[in-house]
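Subject: Structure handover

Hello,

Here is the structure I promised to pass on. My notes follow below it.

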Amino acid sequence: MPKYSYDFLVIGSGIAGLSFALKAAEHGTVAIITKKEMMEANTAYAQGGIAGVLNKKDSFAKHISDTLEAGAGLCNREAVELVVKEGPGLIQELIDYGVQFTHKNGELDLGREGGHSENRIVHAADATGFEIASVMVNQARNHPNIEIFEHHFAMELLTEHHLGQKVKTLDKIHCFGAYVLDEKGDQVKRMLSKVTILASGGAGEVYLHTTNPPVATGDGIAMAYRAKARIENMEFVQFHPTSLAVPEAGSFLISEAVRGFGGILRNSDGEAFMEKYDDRKELAPRDIVARAIDDQLKKRGDDHVFLDVTHLDSESLKEEFPTIYDTCLKYGIDITKEQIPVVPATHYTCGGVATDLDGQTTIERLFACGETACTGLHGANRLASNSLLESLVFADQAFKRSVQFFKELDFNDEIPEWDESGTANTEEWVLVSHNRQELRQVMWNYVGIVRSDLRLERAARRTELLYKETEDFYHRTKVSVPLCELRNLVCVGYLIVRSAMQRKESRGLHYTTDYPETSEQRITTVID
């Protein structure tokens, strides 16, 4: 078998992984693992933009305050201050890479979204993530120290477990790389590294309706959990209030910036209902808006509400939101003349692999950043457009920390090559697609925007059964990407349910009818 050994192994090709890779490549060799093409990551689908203090009217104090308020008392203030203060400089780095943000009158055009007290969202029209990803992918492809592995699926993190050592006897667990499935070559590669970065995105696919692309199957979180890393706050799943309610559109996202631009939410009677739920109306944080829409749908028996922008200037709408305008038009909706049917959909995983302020996980030599990580920034609810910012800052923090020590480390060549003896191809692949669909339906029905003890208990029973079936199938079957994704989704579903059952209060994105009040205690849900 050829040997694959790199100073830095980056799992994921979104803004977090690319940002780290481009900096680390100035100091050592880098491998980027991505399970599809480089552009197929959540970053490329991000419409709104990046929050940053970039004008004189704004201040760090305001951005910090807005983030803490949205986080419902569960943010790590140190993490918030770090991200807000480091943000402007890292946004400038993107501009230096060649990212073309939207300008007006010679200055950056700064938008405003729900929960923000000032205009501070730098964007590239309504396709910010695509612009950023395009530029950074091009930089990575042309860097001599970066090797890119597309259609490669990271299956397992390599630790002392693969040397036959029991975790309970270890003072510390270390990560030595990963087993990676080469989908096209139909082989599993042992990839060794001195430092490994989990930047594989979130887990939106665990729910039936999501704004995420199909690759968002929680792979990094599941791998880290199996390797015994600490996982935090998985119950806080953000539902975007406004995905396009057209079945053929695949939960296409209608950016929060549309409400920031002046869009009004209306029910089927044409009533603007947000003032009943929050004084900030359409500019309330996402969890409040999503629950308001959910309440309207349940009370009225409707399957969607409407986002009305017909009162706004049509040419300005087309200029600000060209992708949204064109996509809606493709489905027969002219947003300048007709209201947009919208419904909440799973959007962002606020919990994840616990890290410190350097992006270091509880496993040595393993860092996490982006949606895979739980850094303490988001708390119980992510403030709009803070996610790309967090990715930049913690990728930078992880780079600065890991570059200090990676030269002192060696590759662990004692890790064995992948052994698939005892497994076989099977004709039972219908089990994979069936179990994936069943899991997503269970999570949507019982672990959604509004929860209860009864719903969570039902979800726990069903996810446990799915777990047993999937693990049995995995251990006797030749590995494949669909099977590994199912295994990861079931794991993440279990983590969300277990975390939700531990939290006996309603806070931020976790709302339960059995405990509607918010506790005075500040509790972090921990699973390890």
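Start with Val-180, which stands opposite Lys-189 in strand 11. Please keep in mind that this is a predicted model.

**Strand 11 and its partners**

Strand 11 covers residues 187-198. Of its 12 residues, 11 are buried. Strand 1 runs parallel to strand 11, and seven bridges join them. Here Ser-5 is opposite Leu-192 of strand 11. Strand 18 (residues 366-368) also pairs with strand 11, in the parallel sense, over three bridges. In that pairing, Thr-196 has Leu-366 of strand 18 as its bridge partner.

**Aromatic pairs**

The whole structure holds 11 aromatic pairs. Take Tyr-6 and Phe-149. Their ring centres are 6.1 Å apart and their planes stand at 80 degrees, so this pair is edge-to-face. Tyr-6 belongs to strand 1 (residues 4-11) and Phe-149 to strand 8 (residues 146-150), so the pair links distant parts of the chain, 143 residues apart. Tyr-6 and Phe-149 are both buried. Ring pairs also bring in Tyr-4, giving a cluster of Tyr-4, Tyr-6 and Phe-149.

Phe-8 and Phe-20 make another edge-to-face pair, at 5.7 Å centre to centre with 70 degrees between the planes. Phe-8 is in strand 1 and Phe-20 in helix 1 (residues 15-24), so this pair ties together parts 12 residues apart in sequence. Phe-8 is buried, at 0% relative accessible area. Phe-20 counts as buried too, at 0% relative accessibility.

**Charges over rings**

Two cases to look at. Lys-194 has its charged end over the ring of Phe-411, 5.4 Å from the ring centre. The charged end of Arg-382 sits over the ring of Tyr-348, 4.4 Å from its centre.

**Nonpolar cores**

The largest nonpolar core has 70 residues. Which of them touch the most other members? They are Val-447 and Ile-496. Helix 14 (residues 481-502) contributes the most to this core, with 12 residues. Another core lies apart from it and has 52 residues, including Ala-16, Ile-32, Ile-50 and Cys-75.

Back to Val-447. Setting aside neighbours within four places in sequence, Val-447 contacts Tyr-207, Phe-239, Val-442, Leu-456, Ala-459, Ile-496 and Val-497.

Four strands make an open, mixed sheet in the order 19-17-12-20.

Strand 12 (residues 231-232) and strand 17 (residues 352-354) are antiparallel and pair over two bridges. Ile-231 has Val-353 of strand 17 as its bridge partner. Helix 6 (residues 219-226) lies across strand 12, strand 17 and strand 20. The helix runs at about 45 degrees to strand 17.

**Strands 14, 15 and 16**

Strand 14 (residues 264-266) pairs with strand 15 (residues 305-308) in the antiparallel sense, over three bridges. Ile-264 has Asp-308 of strand 15 as its bridge partner. Three bridges also join strand 15 to strand 16, again antiparallel. There, Leu-307 is opposite Ile-340 of strand 16.

**Helix 10**

Helix 10 spans residues 322-330. Ile-324, Tyr-325, Thr-327 and Cys-328 are buried in this helix. What covers the buried residues of helix 10? The cover includes strand 13 (237-244), helix 7 (256-260), helix 9 (314-320) and strand 16 (340-349). After helix 10 comes Gly-332, with a positive phi near 85 degrees.

Best wishes

How values were computed. Residues are numbered from 1 along each chain as its sequence is written. This is a predicted model: local features need pLDDT of at least 70, side-chain atom pairs count only at pLDDT 80 or more; totals for chains, interfaces and linings use all residues. Side-chain values use heavy atoms; hydrogens and water are left out. A nonpolar core is a set of buried Ala, Val, Leu, Ile, Met, Phe, Trp, Tyr and Cys residues joined through side-chain atoms within 4.5 Å. Buried means under 20% relative accessible area, exposed over 50%, partly exposed in between (1.4 Å probe, protein chains only). Contact means heavy atoms within 4.5 Å. Two strands pair if DSSP finds at least two bridges between them. Axes are lines fitted to C-alpha atoms, for helices over the stretch in contact, and angles run from 0 to 180 degrees between N-to-C directions. Rings of Phe, Tyr and Trp (its six-membered ring) pair if their centres lie within 6.5 Å; planes under 30 degrees apart count as stacked, over 60 as edge-to-face and the rest as tilted. A charge sits over a ring if NZ of Lys or CZ of Arg is within 6 Å of the ring centre and within 35 degrees of the ring normal.
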